[in-house]
Amino acid sequence: MSFNNLDTLYRQVIMDHYKNPRNRGAIEGDHMTVDMNNPTCGDRIQLQLQVEDNLVKEAKFDGEGCSISMS
């Protein structure tokens, strides 16, 4: 596969995840929360993890930012 084809595939995957986000939302009940902010570009994301027996059982995110950070 050529570089151009990989670049096109990368752009398609990013835009698909941006338009149809996976795991976006909030976790109910016990969870860990990490807030991240990039003041340079304005991206902001909150990551929530539900961990049981040292394994991540569920992960959700919410935030605002460019298509790459939100994908």
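Biologist: Where is Val-13 found?

Modeller: The model is a predicted one, and in it Val-13 is found in helix 1, which covers residues 3–19. Val-13 has a relative accessible area of 40% and therefore counts as partly exposed, since that class lies between 20% and 50%. Together with Leu-6 and Leu-9, Val-13 forms a nonpolar patch on the surface, and the three residues have about 240 Å² of accessible area together.

Another salt bridge is formed by the side chains of Asp-62 and Arg-24, at 3.2 Å, N to O. This pair links distant parts of the chain, 38 residues apart, with Asp-62 in strand 3 and Arg-24 in the loop between helix 1 and strand 1 (32–38). Both partners are partly exposed, Asp-62 with a relative accessible area of 37% and Arg-24 with 35%. Arg-44 and Glu-64 also form a salt bridge, with their closest N and O atoms 3.8 Å apart; because Arg-44 lies in strand 2 and Glu-64 in strand 3, the pair ties together parts that are 20 residues apart in sequence.

Strand 3 (residues 55–64) also contains Lys-60, which is buried yet has no salt bridge, the nearest side chain of opposite charge being that of Glu-58, 4.0 Å away. Leaving aside neighbours within four places in sequence, the contacts of Lys-60 include Asn-23, Arg-24 and Gly-25, as well as Gln-46, Leu-47 and Gln-48.

In strand 2 (residues 43–52) lies Ile-45, which is partly exposed with a relative accessible area of 21%. Not counting residues up to four places away in sequence, Ile-45 touches several residues, among them Val-34, Phe-61, Asp-62 and Met-70. The C-alpha atoms of Ile-45 and Val-34 are 8.3 Å apart in space, while the two residues are eleven apart in sequence.

As for annotation, an unreviewed UniProt entry places the feature "domain: NIF system FeS cluster assembly NifU N-terminal" at residues 10–70. In the model, the end C-alpha atoms of that span lie 14 Å apart, and the span is 23% helix and 44% strand.

Notes
Residues are numbered from 1 along each chain as its sequence is written. This is a predicted model: local features need pLDDT of at least 70, side-chain atom pairs count only at pLDDT 80 or more; totals for chains, interfaces and linings use all residues. Side-chain values use heavy atoms; hydrogens and water are left out. Helices (H or I, at least four residues) and strands (E, at least two) are DSSP runs, numbered from the N terminus. Buried means under 20% relative accessible area, exposed over 50%, partly exposed in between (1.4 Å probe, protein chains only). Contact means heavy atoms within 4.5 Å. UniProt positions are given in the numbering used here, feature names are shortened, and annotations may be inferred rather than shown by experiment. Lys and Arg count as positive and Asp and Glu as negative; His and the chain ends are not counted. Patches are made of residues with over 30% relative accessible area and no salt bridge: like charges are joined within 9 Å, nonpolar side chains (Val, Leu, Ile, Met, Phe, Trp, Tyr) within 5 Å. Accessible areas come from the Shrake-Rupley method with a 1.4 Å probe; for residues, only the protein chains shown count as cover.
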